[in-house]
Amino acid sequence: MKRWIKLAAGVAAITLATAGCAGSSGSGNTQASSNAPAAQGGDITVWLMTGSAPDSLTTALNKEFEDKHPGTKVKYEVQQWNGIQQKLTTALGSQNPPDVFEIGNTQTPQFAAQGVLADLTSSVNDMNGSQWLKGLKDSGTFDGKQYGVPFYAANREVLYRKDMFEQAGITAPPTSNDEWLAAIDKLKAKFGSDPDFQALYLPGQYWYTLLSFIWDQGGDIAKGDGAKFTGTLDTPQAKAGLEFYKKLVDQSGTKAPKDNDESNPAQAGIYGAGKVAMFIGTPGEVATAAKTDPSLKDKTGAFAIPGKTAGKSAPVFLGGSNLAIPVNSKKQDLAKEYLKLLSSAKYQGEIAKGGFVPGTSTDISALDSDPYASVMAKASQNGRAVPSSPKWGDVEAGQNPLKDMLTAYLTGKKTVDQATADANAALNKLLG
Amino acid sequence: MTTTQGVTAMPAGATPPASPRVAAPQRRRRRGHIGDRVLPYVLLAPALIGVLGLLGWPTVQLLFISLRKLDLRELVTGDMVWVGLQNYSDVLADSEFWTITLRTLIFCAAVVAATMLIGLLVAVLMKHVNPVVRIAIQVALVLAWAVPIIAATTVFQWIFDQQYGILNKTLDKLGFHDFIGYSWFGSGTSTLTVIGLIIVWQAVPFIAFSLYAGLIGVPREQYEAAGIDGASGFQTFRAVSWPALKPIATMVTFLSVLWDFQVFAQVWAVKQGGPDGESTTLPVLLYLKGIAGSHFGPAAAIAMLMLLFLVVLTARYLQLLVRSKEAELR
């Protein structure tokens, strides 16, 4: 009898093993048929990401849209960033995808290249096309056609403790790399006796910051267009950017992990503890830090990421989102109407009030009153995007070679030449 | 089975075919009612259909997907693009795949060996300690077993954390000052060792309980006899305990191989297969290709190859199973 149990257990284990493998790769196919019930009548489903549009905006927008189109209801759903790529893949493969959805700007080319987004080229002019933020517009373009409509953008800047700068005798925020390093030295001289003090908090895998340095040196990650991209991390300019990153890490003596990024642990929380004089982040992170220590709101100032030339700030990575319509949405016209309304000056102003750079309006006056947002908005004019390769999504979703390069170089495991060569090869494999 | 009422004129040929070895009982069955003969199969059918439908069909699907190009585009449009063995040749031609396969095999073997050894030691320990201590050990084992995978992984990540980890702090206090800010996740080997620790920690309870169950099944007299013969502790274990444990040990070893070969959650949660891809195992590669990259074809091919590896790895065990079944019937 025991043997029979053994047999049954063995067979069950093998079959389970089989099913386990099948489940992980076949899911996209099997889930396609089982999705949310069909939207009725003239309803449209809108997916926006958490934290992107203020509730006041969406409530007003959805109400105006429903009033304009009697009989139509907007099914508004807020999505989480975590696992969104898989969720979108599944949703777009289903019979009833959302009619309008928000998609990260670095993910847009991948979806556009796969032909799953509706071509919006003919509607650009109806959507305030002349005022679109260039960095975002480019990320929504593929093969000369427009698939994504800019939604909002945010970029990084250096957030610093005004009180600490004053005590260390730094009169004006640094505007060049050298001034920046000098400021770090002054801060260390003043506060260095505290073992927990960090003049600059800079985690090892903060690759968005690395992008600024590489661009500032005149380099780039990859060059090319359309479907074909080649890595350019092994150029002298890219190496110079990487070397400056190491200089910052070494000179500031940051205690941030070299093998993790800015969200693990969340850098705003570290800044909130009050022992950090500077960090590179978005204005929203000050609000997060202020939850720990409300006084930080008044003590914090912002300056643009310095460049190698004094007075000329480094280009910044423009993070943000586009809006798109799935090619298999059954409500294409209504969805376009919705985008038209959202891209109007009225709602773009609301986005600016929410602290973001609006995607389809050049009016950023609402950001001027906010000391962090105004610096950000100014820097966004010099904003750039990652290579608009359809395969860029693989770089970020999988094992990012840029992160591995940073860790290997910063920990001294590889030389700058070795690290950049390896990362470039890995990048070529992913993008090629 | 042996009812004589209502014998039908059903020809004998309708009886389900059986191996010649079971000829004797078959003769007896021939007199049985047709319903009696069919009934067991009817009763088995729902379970069989369930197993085939839920486990067999996905496997067939997987095979089909591995022969197709299935990216986001095909997923949305529903196009069937057959590419033959292209996915397989692409995967097999990639030298990285072989590095990862070798790494996965070594990792799996190391984890299984460690699990079995520690599990066996704990089982023997449980047999020899007094009941109070034994219950304490058992409660601890069950608790460790009950911790959700990701929760346990998170705890281990904090233990081994470079800046705030309790391990580095403790080592520092013990005088090993080199461990201040030491990164346990700096190399693939070190990362995999930590991951292996997590897996072993979670796998030991099941193994220990299974082996302990085998140990308590051994009659006390045998130990007494061994004692009278003057056997040492180790000799007793080898001559008395081990023969009783062997079948169970074989079973749990092979189960462990199956589980540890395809462990994903812990590996991914710790370092996403990093640093620099050095702790990437086959399931992680499958995830990177299939889910992260939306290339379901090559991912399915990797899954099929993993299945193949598993069949090869466990072939010996399957053979043993088939043999022991025949032996029992004889």
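Two strands pair if DSSP finds at least two bridges between them. The model I am reading is a predicted one.

**Entry 1**

Which residue of β11(A) is the bridge partner of Arg161(A)? I noted Thr300(A) as that partner.

I then followed the sheet across. Its three strands run in the order β10-β7-β11 in chain A, the sheet is open, and the pairing is antiparallel. The edges are β10 (278-281) and β11 (300-303) of chain A, each of which pairs on one side only. From one strand to the next the twist averages 30 degrees.

**Entry 2: the six-stranded sheet of chain A**

I wrote down the strand order of an open sheet of six strands as β2-β1-β3-β13-β6-β14 in chain A, with mixed pairing. Which strands are the edge strands? They are β2 (74-79) and β14 (357-358) of chain A, and each pairs on one side only.

Inside this sheet I checked one pair. Strand β1 (residues 44-49) and strand β3 (residues 100-104) of chain A pair in the parallel sense over two bridges. Val46(A) stands opposite Val100(A), a residue of β3(A).

A helix also packs on the sheet: α2 of chain A, residues 55-68, touches β1 and β2 of chain A. I noted that the direction of this helix makes about 155 degrees with that of β2(A).

**Entry 3: two domains of chain A**

I looked up the domain assignment for chain A. It gives domain 1 as 29-154 + 319-384 and domain 2 as 157-317 + 399-431. How far apart do the C-alpha centres of the two domains of chain A lie? The distance is 30 Å.

The contact takes 16 residues from domain 1 of chain A and 17 residues from domain 2 of chain A. On the domain 1 side, the elements that give two or more residues are α16 (371-380) and β15 (383-384) of chain A. Helix α16(A) gives the most to that side, with seven residues. By class, I recorded eight nonpolar, four polar and four charged residues on the side of domain 1 of chain A that touches domain 2 of chain A.

**Entry 4: a helix pair in chain A**

I turned to helix α9 (residues 236-252) and helix α18 (residues 401-410) of chain A, which pack at an angle of about 55 degrees with their axes 11 Å apart. The two helices are therefore oblique to each other. The crossing of α9(A) past α18(A) is right-handed.

From α9(A), the contact uses Leu242(A), Tyr245(A), Lys246(A) and Val249(A), and from α18(A) it uses Leu406(A), Tyr409(A) and Leu410(A). I sorted these by class and have six nonpolar, no polar and one charged.

**Entry 5: a helix pair in chain B**

Last, I looked at helix α2 (residues 34-66) and helix α14 (residues 296-313) of chain B. Their axes come within 7 Å and cross at roughly 125 degrees. That makes α2(B) oblique to α14(B). The crossing of α2(B) past α14(B) is left-handed.

I listed Leu62(B), Leu63(B), Ile65(B) and Ser66(B) from α2(B); they meet Phe296(B), Gly297(B), Ala300(B), Ala301(B), Ala303(B) and Met304(B) in α14(B). The class count for this contact is eight nonpolar, two polar and no charged residues.

Technical notes. Residues are numbered from 1 along each chain as its sequence is written. Chains are lettered from A and ligands numbered from 1 in the order in which they are written. This is a predicted model: local features need pLDDT of at least 70, side-chain atom pairs count only at pLDDT 80 or more; totals for chains, interfaces and linings use all residues. Axes are lines fitted to C-alpha atoms, for helices over the stretch in contact, and angles run from 0 to 180 degrees between N-to-C directions. Helices (H or I, at least four residues) and strands (E, at least two) are DSSP runs, numbered from the N terminus. Angles under 35 degrees count as roughly parallel, over 145 as roughly antiparallel, 65 to 115 as roughly perpendicular and the rest as oblique. A crossing is left-handed if the near helix is turned anticlockwise from the far one by less than a right angle, and right-handed if clockwise. Two residues are in contact if their C-beta atoms, placed from the backbone, lie within 7 Å. Ala, Val, Leu, Ile, Met, Phe, Trp, Tyr, Cys and Pro count as nonpolar, Asp, Glu, Lys and Arg as charged, and the others, Gly among them, as polar. Domain bounds come from an automatic or database domain assignment.
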